[in-house]
Amino acid sequence: MDKEKLWAMIEENYLSLKPESLQESFASHMEFSQSKTRYTAQPIDYYKSAAYAIRDRLMEQWNDTNQTYYHKNVKKVYYLSLEFLMGRALGNTLINLGLYDKLTEAIGEFGIDLEEIIELEPDAGLGNGGLGRLAACFLDSMATLQLPGEGYGIRYDYGIFEQKIEDGCQVERPEHWLRNGYPWEIMRPEYQYLIKFNGNVSTHTDDQNHTTYEWENTENVLALPYDLPIPGYKNTTANTLRLWSARATQEFELSEFNMGDYIGAVEAKINSETISSVLYPKDDILQGKELRLKQEYMFVSASVQDIIRRYRVKNPDIRNLAEKVAIQLNDTHPALTIAELMRLLMDVEGLGWDEAWEICTGTCAYTNHTILPEALEQWSLSLFQRLLPRHLQIIYEINHRFLAMVKGRFPNDPGRLQRMSIIAEGPKKAVRMANLAIVGSHAVNGVSALHSELIKQKLFADFHALWPEKFQNKTNGITQRRWLKLANPLLSDLIEKNIGEAWVNDLFQLRQLSELTTDEAFLAQWKAVKLQNKKILAEYILQHNGVAVDPHSMFDIQVKRIHEYKRQILNVLHILTRYNRIKANPQQEFVPRTFIFGGKAAPGYYMAKNIIRLINAVANMVNNDPVVGDRLKVIFLANYNVSLAQRIFPAADLSEQISTAGLEASGTGNMKFALNGALTIGTLDGANIEIKEEVGDDNIFIFGLKTEEVAELNQHGYNSRDYYHSNDELKGVLDMISGGLGQLDSHVFQPIVQSLLEGNDHYKVLADYSAYISCQERVDEAYKESDHWAKMAIMNTACSGKFSSDRTIMEYAKEIWGVTPVKPLKRKDRPDES
C-alpha cells in the first residue's frame, strides 16, 4: 500500500469515546505505559492510566487543531504570562470533552472511583494567585471560542510553595508537583532555543555606513519546551500551553570530573537549570533579583524566537508579522518582549529601526494588573547592563526617540519627561518595565471599569494624555466550565434540569434563573444543594483542621492572597467584636457563623505572615471557648490552591471582598463566589462595582469609603487614632490583639496594631471599621430569612453572565488582537499535507 494512503487510513481512524473503548485504553496503559498488572497497580497508576486514556483522545483533537491552523495560515494570539495557575487537568478535560460520566462508568466496572483518583493529581504549581488563574481561564475560553491561541510560560520545577501551618505560623515547603511525573505534558526537544546572558556588544560598520551589533562572549542556556493541550468545550478544538524549562548547554564537564572536581563538573548544569526551579524567588537580595530577571528573559526570548519560527513556516516576509501574530503581555513580567522582538528583527532579520518598531508596536499589547505604583516592576540599571547589555542599548534608543516625541508634544515640561521616561533617574537608576510596555504596545488595558479609569486618570495619566486611543477596559472573567460545572456538580445539575445546558457556552443564559425565585420547590432544592455543599466542606475541615463546624451556620469566607490592602485584618476585627459581644451577652441570640480563611503570604512579607498567625491565634481562642460554642468558629485552611477553591466556592454563603477602595484592580474570586450563589459583602472596589450593577443593590452588601473619599481623606489628613479613641469596641479588640491573644510572645502582634495606629493605617482599616460592623449586622438580619437569602443568592448566580471569561476574550479578540474563530478540520477534510 502507498505510504500516504497507509498514513491517511490510520490517521482517519479516530479512537472511540464509548465506555468499552475507554476500558481497553485504560487497561492497555496500565500494562504498557505503567508496566503494571491489576495485582501490582497502585492508586497513582489508576490515575495515570486514566489520564493517558483521555489524553489519547485529546491528542487527536490537538493534532487536528494545529494542522488546521497551519494549513489555513491563520492569525494567532500568543498569551505571555509568568503564571498559569491551571489546577488539576483530568476533571477539567473530562468536562470539556464530555467524557466525565463515560469514564466514571468505564473504570467503575473495575471497582475504581473516578473522584478518588482525581484527588491524586497534584495542582500544577505554576502560579501564585489571581494573575495566573486569570491566564488559565483565558486559555479555556480561547479554546472554547475556537480562537487560534497559545499560551507561553515557565515550567517551574517547584511552583510557588506548599503552605503548612505549624504553631499557627505559615511554613513554606517545596511544592514538587512533578514528583510522580505529569501525564499531560509532551516534551518538544526539537524546538529548544539558545538563550544568552551577560557578555558584551560589539559594533561593525560597513562601507554603506550601516551599523550592525553583535552580542558576544555570552553565557548561554537552553530553553526546552513542554506542551500541554488545552481543550475547548465539546468543540474538537485543543489549543496549546507551551512551558519553558531551563537546561544547560553542556550537561557534564568530563575533564573536571576526571580531575576529581565532581561538583565543578556539574556546576554549570545546576546554575543553568536553577532558572526555572521556583516561581518568584525571593528578590530582597541581589542573587534573587538576578534569578528573577533571568527567568523573565529566558521565557520571553524563547517565546519570541518560537513565535517567529512558527510565522516563518508559512510566511517568508517578516515585515508582515503583525498581520499573523498578536502578542498579549500579561502584566509587566513579559515586557522584555518589546526589546527582544526589536533585537531579533534588527540584529537577526536585518530590518531597520523604523520598520522593526512598526512591527513591534503593531504586534504587542499590554494588560496592567495593579494600581499601586510601588508594585510596578523596575530593574536596576547596573543589573540590566550586566545581564542584558544589548537590550539596554535598544531600550536607551526607544527612550531617546520616545522622549523626543513627548518633548515635541509637550514642550517646556521637564517633569512630564521625567515621569514618562523608561529610565528612572536618581540615585538608583532603573528600567521601568510598565513604561516600556506602554510605549512598545498598540493597546493598553485595565481589568475592571474602575481600574481602567484609575490608570488613565492617575497611574498612567501622562501616557493617556499622549495616546488616549491606546487605553481600553477589559473587565476580567472566569470560566464557568471549571468554576460551576466542574466545581459544583450539584448546583450545575439543578440548573440544567430547570433551564438546560446552554449556559455552559453562554453564561448570560443563567438570567433565566431569576424567573424561578418565586418557585417554592426550586427554592427548597437550591437550599438543599447549598447545605450539601457546606456539609462536604465541613467534612474536609474536620479531617484537616480537626474542628467540627455546623453546616447550618453561615459560611463567611475570605480566600485570597494575604496582603494588607486586601484587609484580612478588618475581617479579624469583626470576628473579635462578635466574640466580645457573645462573651458580654451569652444569653443573647446570635446568627451562628463559621469564618473561613485561606491564602498564602509571600515568604518575605513579614506583615502578611503575621496576619496568618493572628488569624490562627483568634481561631484557637474562639474555637476552644465553651461560652461561644457553635455560634462562632474560625478556620484557616492551609495551602489554598485551585483544587481547594473548587471545594470552597460552592459552600460559601458570604463572600468577603473588603479591599481598600481603589486598590484592587479587579478580583476574580468575587466572580466565582457570586456564580456559585454566595452574597458579597464588599467595598466599591475593582469588579465589585460591576457585580453590584449586575445583581442590583438589593442583592449585595456594600459598605465603606469610596475611592474618591479615600483620596480626600489622605489629602485632608487622616489620623487613625481618632477612630481608636472614639469607638470603645474598636479600642477593645485592638487592645486584645496588642496583648498577644494568649501567645507565648505577648508582643508578637504589636507590629500589626502599630501599623494601624503609629503607621497611620495606610489601608484605612479603622476608617471603615464602623461601617463594616454595621453592614455585617444587616447581613445577620438577612440570613435569618432563609427564603429571602436564597432568592438573593439565586439572583447572584443568575446575573453572573457578564463575568464569563468568554465575554472578556471575545472583547480582546475583536478590539485588540484581530483574531477570528477557526473550526478544526479532520484529517480527511484537510488539503494534502505531503
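Colleague: Which residues does Thr367 touch, not counting residues up to four places away in sequence?

Modeller: In this predicted model, residues are numbered from 1 along each chain as its sequence is written; local features need pLDDT of at least 70, side-chain atom pairs count only at pLDDT 80 or more, and totals for chains, interfaces and linings use all residues. Side-chain values use heavy atoms, with hydrogens and water left out. A contact means heavy atoms within 4.5 Å. With residues up to four places away in sequence not counted, Thr367 touches Gln328, Leu329, Asn330, Asp331, Asn445, Val447 and Tyr812.

Colleague: Is Thr367 buried or exposed?

Modeller: Thr367 has its place in strand S12 (residues 364–367). Strands (E, at least two residues) and helices (H or I, at least four) are DSSP runs, numbered from the N terminus. Buried means under 20% relative accessible area, exposed over 50%, and partly exposed in between, with a 1.4 Å probe and protein chains only. Thr367 has 1% relative accessibility, so the word for it is buried.

Colleague: Which side chain makes a polar contact with the side chain of Thr367?

Modeller: A polar contact is a pair of N or O atoms within 3.5 Å; within protein, one must be able to donate a hydrogen and the other to accept it, and residues adjacent in sequence count only if both atoms are side-chain atoms. For the side chain of Thr367, such a pair is found at 2.8 Å, and the partner is the side chain of Gln328.

Colleague: Thr367 also touches Asp331. What is the phi of Asp331?

Modeller: Most residues other than glycine have a negative phi. Asp331 sits in the loop between strand S11 (325–330) and helix H12 (336–348), and it is buried because its relative accessible area is 12%. Although Asp331 is not a glycine, its phi is positive, at about 75 degrees.

Colleague: Now for the helices! Are H23 and H30 roughly parallel or roughly perpendicular to each other?

Modeller: Axes are lines fitted to C-alpha atoms, for helices over the stretch in contact, and angles run from 0 to 180 degrees between N-to-C directions. Helix H23 (residues 568–584) and helix H30 (residues 728–738) pack at about 105 degrees, with their axes 9 Å apart. Angles under 35 degrees count as roughly parallel, over 145 as roughly antiparallel, 65 to 115 as roughly perpendicular and the rest as oblique. H23 and H30 are therefore roughly perpendicular.

Colleague: How many residues in the contact of H23 with H30 are nonpolar?

Modeller: H23 brings Leu573, Leu576, Thr577, Tyr579, Asn580 and Arg581, while H30 brings Glu729, Leu730, Val733, Leu734, Met736 and Ile737. Ala, Val, Leu, Ile, Met, Phe, Trp, Tyr, Cys and Pro count as nonpolar, Asp, Glu, Lys and Arg as charged, and the others, Gly among them, as polar. In the contact of H23 with H30, two residues are polar, two are charged, and the nonpolar ones number eight.

Colleague: What is the phi of Leu741?

Modeller: Leu741 lies in the loop between H30 and helix H31 (750–757). Leu741 is buried, because its relative accessible area is 13%. The phi of Leu741, a residue other than glycine, is positive and near 50 degrees.

Colleague: To finish, what percentage of the residues of the protein count as buried?

Modeller: The protein has 34 helices and 23 strands, and its C-alpha trace spans about 90 × 75 × 65 Å along the principal axes. Of its 834 residues, the share that counts as buried is 59%.
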